[in-house]
Amino acid sequence: MTVPDQVPADSGTEGTVFDIRRFSIHDGEGIRTTVFLKGCPLRCVWCQNPEGLDPGIGLLWFSGNCIYCGACGACGDPRQLIAGTGAETAALENCPTMALRRDGRIMTPGQVLAELEKDAVFYRHGGGITLSGGEPLAQEDFAAAVLGAAKEAGFHTAVETSLYAPRKGVDRIAALSDRIFADCKIFNEADHIAATGASNRIILDNIARLLTGPHAGRVIVRTPLIPGFTASEENIASVARFISGLYPPVRYELLNYNPLAAGKYPLTGREYCFAENPDPYGAEEMETFRAAAKKNGIRPDRILEWT
Ligand code: SF4
Ligand code: SF4
């Protein structure tokens, strides 16, 4: 890998980013800088990043800082302050305690690359950039510009995607990614619609194309284990059968439930799917899920786990 002396020329394509997390170790090989792009066409009831759902820049409300003075007119639900009307800017200016903050910012690919460069020394031992979200493919041009520039600079590139996106966009981004984390959350279509608001046909079609195409070896299929929604032996068996039938050496990752997302919901004025936040699965339960995957065609050494 050649660490660039300077940031490559900017393509001029701007994107909306809601977070940049440095030194991440769960979003691909080595130490990663994960860039979270705003906007997602799905509405998974358990979404781990509710602040990334809307494509536009809105506000977050930090209740601990709020003195309930009423100056913003939207205490408790920052979504009342419609982005672009000027209302949110006025509210930000009027808030005396910084209880309101913007939930994203506009960036150019060059600015993202400049962030990436700060950690370039760590990438010498593996690592690179991961685009996440939201759904990164919802900002296809920006995602392609960032990944293209990162590749040109010699960085390892990865993308985390729901694959709920047009074929052309998936193929374009896959060609620019050294690692593709593709979610397969729920196999049954009716259950998928109920939990995410959309059919999974496009997703399954994209998975099938990826796993039978030239990028198959770069794909890791993931199922986040959400109690009552995705985490059943039946669902994991169906996903495992489907993906191993397409590409027998497929890598499959089971992502244990992460209870931390619940804490983000009050910031956004949205409601979380669990009134009582469940615990992550224990070793025994994880073994049950692993066994369902193995029984249905995933090779034991191709099962990955993040707990
Ligand atoms: S202006 Fe700020 S401190 Fe006052 S109610 Fe609104 S969020 Fe709370
Ligand atoms: S696909 Fe990801 S970002 Fe989009 S709603 Fe589902 S969990 Fe949230």
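This is a predicted model: local features need pLDDT of at least 70, side-chain atom pairs count only at pLDDT 80 or more; totals for chains, interfaces and linings use all residues.
**Overall build**

The protein contains ten helices and eleven strands. A compact globule of 307 residues would have a radius of gyration near 19 Å; the protein has 20 Å, so the two agree. Its C-alpha atoms fill a box of roughly 60 × 50 × 35 Å along the principal axes. Of the 307 residues, 41% count as buried. Among contacts between residues at least 6 apart in sequence, 72% link residues at least 24 apart.

**Cores**

The largest nonpolar core holds 68 residues. Ala143, Val146, Ala150, Ala182, Ile207 and Ile243 have the most contacts inside this core. Helix H4 (residues 140–152) gives the largest share, eight residues. Another core, of eight residues, lies apart from it; Leu59, Trp61, Cys72 and Ala91 are among its members.

**Helix H7**

Ile207 touches Leu163, Ala182, Cys184, Val221 and Ile243, leaving aside residues up to four places away in sequence. In helix H7 (residues 201–211), the buried residues are Ile203, Asn206, Ile207, Leu210 and Leu211. They sit on the same side of H7 because they cover an arc of only 120° around the axis. An α-helix has 3.6 residues a turn, so residues three or four places apart point the same way. The elements below are included in what covers the buried residues of H7.

| Element | Residues |
|---|---|
| Helix H5 | 167–175 |
| Strand E8 | 179–183 |
| Strand E9 | 219–224 |
| Helix H8 | 233–246 |

**Ligand 2**

The residues around ligand 2 include Cys40, Cys44, Cys47, Arg43 and Glu135. The shell divides into four nonpolar, six polar and two charged residues.

Terms used. Residues are numbered from 1 along each chain as its sequence is written. Chains are lettered from A and ligands numbered from 1 in the order in which they are written. A nonpolar core is a set of buried Ala, Val, Leu, Ile, Met, Phe, Trp, Tyr and Cys residues joined through C-beta atoms within 7 Å. A residue is buried if 20 or more other C-beta atoms lie within 10 Å of its own, exposed if 12 or fewer, and partly exposed in between; C-beta atoms are placed from the backbone. Helices (H or I, at least four residues) and strands (E, at least two) are DSSP runs, numbered from the N terminus. Two residues are in contact if their C-beta atoms, placed from the backbone, lie within 7 Å. A residue is near a molecule or strand if its C-beta atom, placed from the backbone, lies within 6 Å of it. Ala, Val, Leu, Ile, Met, Phe, Trp, Tyr, Cys and Pro count as nonpolar, Asp, Glu, Lys and Arg as charged, and the others, Gly among them, as polar. The arc is that of the directions from the helix axis to the C-beta atoms. The radius of gyration is taken over C-alpha atoms; the globule rule is 2.2 Å times the number of residues to the power 0.38.
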